[in-house]
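Try each task with the structure open before you read its solution.

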Amino acid sequence: MTDPSPVQPDGEITLTVDGHVAVIHISRPNKLNSFTIPMVEQLESHLAVIDDSEDVRAVIVTSAGDRAFSAGADIKAFSQLSATRMWSTWIRRGHALFDKLAGLRQPSIAAIDGNAFGGGLELALACDIRVMATDAKVGLSELGIGTLPGWGGTARLQKTVGVARAKRMIFTSLMVDAETALNWGLVTDLAERPDVVAKAREIAEQIATRAPIALQMTKQIIDGQSGEGLRLTLEALGSAASSATDDFVEGVTAFRSKRPPQFSGSFDDPGPRDVLHG
Ligand SMILES: CCCCCCCCCCCCC[C@H](O)CC(=O)SCCNC(=O)CCNC(=O)[C@H](O)C(C)(C)COP(=O)(O)OP(=O)(O)OC[C@H]1O[C@@H](n2cnc3c(N)ncnc32)[C@H](O)[C@@H]1OP(=O)(O)O
C-alpha cells in the first residue's frame, strides 16, 4: 500500500491523459479544494498541454474525490492583497484562465463530485457539460463575501440557466441542490457521488468517437453569438465540403460500408473530392 502523496498546503492540480481523454484533478483537501495561485499556474500549463495535443479529444475536470469539488478562490489569500495585486494576480489571471478552458477546441466535462461554490462553480460553468453528484450543492457565493463572480461565472450562469434564475442565484448566493440544478439546466446528468467521474468518463468516451474537426466546428458554432450561428454553420460546412476533411470522407465511407467510422482528425487539403460516390 503506497503512502498517499503528501498534502500540498498550496494545493495541486494534476493532468493525466488516457487515450483520447484528459483528466484534470483538483486537490487541496484541507481547504475544500479552494484555488491558490500555484494551482492557477498549474491549470494554466495543463490547458496549454491539452490545447497543443492532437490526441486529446475530451477533457474531464474533477476533484480528487475530496469533500468538495471546489470552494472557489482562496479567500484568505486574495483578501490580503492590495487592490492592484488582487487585479493582476487574481481577477485578470483567473478570468483569462477560465476563458481558456471554455475556449478549448476539445469539449470539457465538469464532474462535480462535491459542493462547488464561487470560483468552483465558475470552473464548472467554463466546462461544456456538467455531471453533478446527487448530494452536492452549487452556487455563486461571491456577493456573500463582498465581491462578485470574477472568473466569468456571472455571464456563463445567465447563458446557462437564464436571466431570472441567474439573478436569483447570484443576488442571494443561493446554493441549489442537484435536482434543482438538473431542472434548471445547470447540469445535464446526475449520479451518486462515487459514480460521477465514471459518468463523466462515459460521456467523454462517446465524444472521443466523433469526428474531431466537425466536433470542434460545432462547439465553436454553439459558443458563437446566436445570430452568428447560421453564418458559422455555412462557413464551417463550406470549408469542410470544399476540402473534404479525411474524417468527412471516412464518415461517409463508413456509413456506406455499414461499419463504425475510425476518425483520425487529419485535415489535408486535396481540393474538391466526390465523397458521395467513392
Ligand atoms: C466590487 C467588488 C470589489 C471586491 C474586490 C475583490 C475581488 C477579488 C476577486 C478574486 C477573484 C474572483 C474569483 C471568484 O469569482 C471569487 C471566489 O471564488 S471567492 C470564494 C467563493 N467561495 C465561497 O464563498 C465559499 C467559502 N467557504 C464556505 O462558505 C464554507 O467553507 C463552506 C463551503 C460553506 C463549507 O463550510 P464547512 O463545511 O463548515 O467547512 P469550513 O468552512 O470549515 O471549511 C473547511 C476549511 O476550508 C477552508 N475554506 C473553505 N472555503 C475556502 C475558500 N474559498 N478559501 C480559503 N479557504 C477556504 C475553511 O477556511 C476551512 O479551513 P480551516 O478553517 O479548517 O483552516
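The structure is a predicted model.

**Exercise 1. Determine which element gives the largest share of the lining of the largest pocket, and describe the lining by residue class.**

Step 1. Begin with the pocket itself, which has a volume of about 660 Å³ and is lined by 19 residues, with Cys-127, Asp-128, Lys-159, Ile-222 and Asp-223 lying nearest its centre.

Step 2. Then assign the lining to secondary structure: strand E7 (129-133), helix H5 (153-161) and helix H9 (212-223) each supply at least two residues, and the largest share, 5 residues, comes from H9.

Step 3. Sorting the lining by class gives 10 nonpolar, 3 polar and 6 charged residues.

Step 4. Finally, consult the domain assignment, according to which domain 1 (12-208) and domain 2 (212-257) each contribute at least three residues to this lining.

**Exercise 2. Repeat the analysis for the second largest pocket, stating its volume and its lining.**

Step 1. The volume of the second largest pocket is about 350 Å³.

Step 2. Its lining consists of 20 residues, and those nearest the centre are Ala-73, Phe-78, Glu-142, Thr-147 and Leu-148; helix H2 (75-78), helix H3 (83-102) and helix H4 (119-125) are the elements that give two or more residues to it.

Step 3. Of these elements, H3 provides the largest share, with 3 residues.

Step 4. By class, 12 of the lining residues are nonpolar, 6 are polar and 2 are charged.

**Exercise 3. For the salt bridge of Lys-100 with Asp-51, find how far apart the closest N and O atoms are, and state where the partners lie.**

Step 1. The closest N and O atoms of Lys-100 and Asp-51 are 3.2 Å apart, which is within the 4 Å cut-off for a salt bridge, and the structure has 12 salt bridges in total by this rule.

Step 2. Lys-100 belongs to helix H3 and Asp-51 to helix H1 (residues 37-52), so that this pair links distant parts of the chain, 49 residues apart.

Step 3. Lys-100 is partly exposed at 36% relative accessibility, and Asp-51 is also partly exposed, with a relative accessible area of 25%.

**Exercise 4. Explain which parts of the chain the salt bridge between Arg-156 and Asp-99 ties together, and classify each partner as buried, partly exposed or exposed.**

Step 1. The side chains of Arg-156 and Asp-99 meet with an N to O distance of 2.6 Å; because Arg-156 lies in helix H5 and Asp-99 in helix H3, the pair ties together parts that are 57 residues apart in sequence.

Step 2. With buried meaning under 20% relative accessible area, Arg-156 is buried at 17%, whereas Asp-99 counts as partly exposed at 36%.

**Exercise 5. Examine the salt bridge between Asp-223 and Lys-219, and say by how much of a helix its partners are separated.**

Step 1. The two side chains meet at 3.7 Å, N to O.

Step 2. Because Asp-223 and Lys-219 are 4 residues apart in helix H9, about one helical turn separates them.

Step 3. Asp-223 is partly exposed, with a relative accessible area of 36%, while Lys-219 is buried at 8%.

Step 4. To finish, turn to shared partners: salt bridges join Asp-18, Arg-201 and Glu-205 into one network.

Step 5. Linking back to the first exercise, Asp-223 is also among the residues that lie nearest the centre of the largest pocket.

Definitions and conventions. Residues numbered from 1 in each chain as written. Predicted model: local features only at pLDDT ≥ 70, side-chain atom pairs only at ≥ 80, totals over all residues. Heavy atoms only, no water. 1 Å grid on protein atoms, 1.4 Å probe; cavity = no way out; pocket = protein on both sides within 12 Å on 5 of 7 lines; lining within 4 Å. Points joined across faces, edges and corners; volume = space filled by probe spheres on them. Nonpolar A, V, L, I, M, F, W, Y, C, P; charged D, E, K, R; others polar. Domains from an automatic or database assignment. Buried < 20%, exposed > 50% of the residue type's maximum accessible area, 1.4 Å probe, protein only.
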